[in-house]
Amino acid sequence: MKFMKLGSKPDSFQSDGKDIRFVASDLAGDIIIRVGNVKFHLHKFHLFAFSKFYLPFLCQLKMQFPLLSKSFRLQKLITTTDNEKTDEICISDIPGGAAAFEICAKFCYGMTVTLNAHNVTAARCAAEYLQMHETVEKGNLIYKIEVFLRTSILRSWKDSIILLQTTRSLLPWSEDLKLTDHCIESVASKASTDAFKVEWSYTDNRKKLPSENCLETHWKGIRKENSVPKDWWVEDLCELEIGFFKKIIMAIKAKGRVSSEVIGEALKAYTYRRLSSLGKEKGGDANKNRSLLETIILLLPSEKGSVSCCFLLKLLRAGSLLDCGETSKRELVKRIGRRLEDASVPGLLIPSTSGENTIYDVDMVLNIVEEFIMQDNSDVQLSTNEELHELNAPALAAGISKVTVAKLVDDYLIEVAKDPNLPLSKFIDLAEILPSDSRPEHDGLYHAIDTYLKEHPGLSKSEKKKLCGLMNCKKLSGDACAHAMQNERLPLRLVVQILYFEQMRASAATTSRAESGNSYGSSRSAITTNTEDECDGVPNAHDGKARKFTKLSEGGKGCEWSSGGNNENRSNGQGKSGSSQVKGVVMPKKMLGKFLSSKGQTGGSSSSSDTSAGSPNSAKQGEPKLTPSRNIRYTVL
């Protein structure tokens, strides 16, 4: 720490109790200056009988009248005080209090005074209050302090931060004297310095890479520490209160020499330091935390990759808990929408506010997805305006992002569908918001629909129809179809439709194999990329394991989802016809009875009704028709 000593005489200030200070001298003090509760017995001049008329002349005798020769304010106070009645002057509003006044008094007496980053701000403000300018005496206290600040304190990284912290308790004096601005400029300039030019000490408690913990040996045998990290200044700034931190970050941004990623890391470190339970609980001073969070959101760099999507989601969760302003939350929604493909389901599970009946804030996620679609559409429009004769990379990336976001939304729907208070309208709005081409398969959407049906058994027939209308049966995998055909929660018409498309797919596969000469194996293996004992699952929202479609239990009471592990081996399905894949479908008795009763008699006379119930459009001429009694063998348990 830098310091400066003023004066050459030994410190002869003594204390008689806690509230009295005096100068050890043969000459008794003739003036008492009260600063708060402390009385200073000092020397105005030697001859008390001198009239006030001679006071301006006597002030020229610097060695005899130390206080009056250096402080213009004390000159005026003594002149206007009736000394015949009292010799006491009260100074209650001096910045820095008794400690700062004692520094000024010692300087007036020529005693040794040590200034450092901790006390120089108070001394500077007190000297300004006492008007210890150069016009009163050359080489006065204000001039000496300014030189010390300029040549020493503000050139030191840590001293500048300490000095900045001391200015907070001395407002508005410190701001009027530009001390705060000088500190902020000094800190911001040093933080913007190239890392390889940093030669001063700093605090760095971050986890280092193994290569950063070792020492490099140069060719002359000199051992030197590794290079300074780009975010070397972050730890020290985390000790500042939010007002100073905001001003420094804004000054660093204005200089434009620090990358947005480093600024984002600084904001992240500061937020975690000040809000240790970010996004988990309200805790602490809610108003203070709300103000801090809104300031952090305001300081976020505009560049897309400056902060992670995970951090943005935590900010949004905390903002929801602390009831931040709509402007702040809207800004976070906009930023998350630009990075939605990097989000996770746990991050999107934002608790709803106290006025909502649902467990999670689905409307917030809906707004995020809407923002993603808006950003995606603008990116596609921008890329199509450019006439390129080669593959359009932005458009390709946008397509991949849409598929990723669709899977994320499906997994999110699976989780929120477990909420018994979730309205059907919100579920449908979120499922329908994405374009149809963003879901190459509907396994995840089917899982979400099935979960909603399971948790909301009281849905009407029309509501079930509307819900299941979200799903395209043609985009279900073979295992999802097998699961759906055993699912008693689904409407019967939907099950028949799935059976119809399965037989169409099986027939097409059989024809294709016959033409290519492959007359063995299962028809399912010809049109899917899955093996017979494994299937594509939908990623689990929490652990990422593949979801498996399991068969009905032997009791025949509904179907369940399972995650992880391998399904039991199935038969190779080497049937005689193309419908071998659906021969093994296990259908509950109840559903089978409904299905058969809806078809009437078995035979060719029922083929037209089967077709109309099994598909939205009539079967084209030449396509095989669904005849359950002859073409499909059901196993009733």
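Predicted model: local features only at pLDDT ≥ 70, side-chain atom pairs only at ≥ 80, totals over all residues.
Colleague: Are α13 and α14 roughly parallel or roughly antiparallel?

Modeller: Two packed helices are described by the angle between their axes and the distance between the axes. For α13 (residues 260-274) and α14 (residues 286-299), the axes come within 11 Å and cross at roughly 175°. Angles over 145 degrees count as roughly antiparallel. Therefore α13 is, relative to α14, roughly antiparallel.

Colleague: Which residues of α14 make the contact with α13?

Modeller: By class, the contact between these helices has five nonpolar, one polar and one charged residues. On the α13 side, L267, Y270, T271 and R274 take part. Their partners on α14 are L292, I296 and L299.

Colleague: What is the volume of the largest cavity, and which residues line it?

Modeller: Two cavities of 30 Å³ or more are present in the structure. The lining of the largest cavity has two nonpolar, one polar and five charged residues. The volume of this cavity is about 50 Å³. Its lining consists of E303, K304, S306, V307, L312, R335, R338 and R339.

Colleague: Which helix gives the most to the lining of the second largest cavity?

Modeller: The second largest cavity has a volume of about 30 Å³. It is lined by L67, S71, L74, F101, C104, A105, C108, L130 and M132. By class that lining has eight nonpolar, one polar and no charged residues. With four residues, the helix that gives the most is α4 (residues 97-109).

Colleague: How many residues apart are E235 and R273, and where does each lie?

Modeller: Side chains of opposite charge can pair when their charged atoms come close. A search of the whole structure finds 19 salt bridges. E235 and R273 form a salt bridge, with the closest N and O atoms 2.8 Å apart. This pair links distant parts of the chain, with E235 in α11 (residues 234-237) and R273 in α13, and the separation is 38 residues.

Colleague: Where is P172, and what is omega for the peptide bond that joins L171 and P172?

Modeller: Most residues other than glycine have a negative phi, and most peptide bonds are trans. P172 is placed in the loop between α7 (157-167) and α8 (173-176). The bond joining L171 and P172 is cis, with omega of about 5°.

Colleague: What is phi at K178, and in which loop is this residue found?

Modeller: The loop between α8 and α9 (179-191) holds K178. Although K178 is not a glycine, its phi is positive, at about 65°.

How values were computed: Residues numbered from 1 in each chain as written. Heavy atoms only, no water. Axes fitted to C-alpha atoms, helices over the stretch in contact; angles between N-to-C directions. Helix = DSSP H or I, 4+ residues; strand = E, 2+ residues; numbered from the N terminus. Parallel < 35°, antiparallel > 145°, perpendicular 65-115°, else oblique. Contact = heavy atoms within 4.5 Å. Nonpolar A, V, L, I, M, F, W, Y, C, P; charged D, E, K, R; others polar. 1 Å grid on protein atoms, 1.4 Å probe; cavity = no way out; pocket = protein on both sides within 12 Å on 5 of 7 lines; lining within 4 Å. Points joined across faces, edges and corners; volume = space filled by probe spheres on them. Salt bridge = Lys/Arg side-chain N within 4 Å of Asp/Glu carboxyl O.
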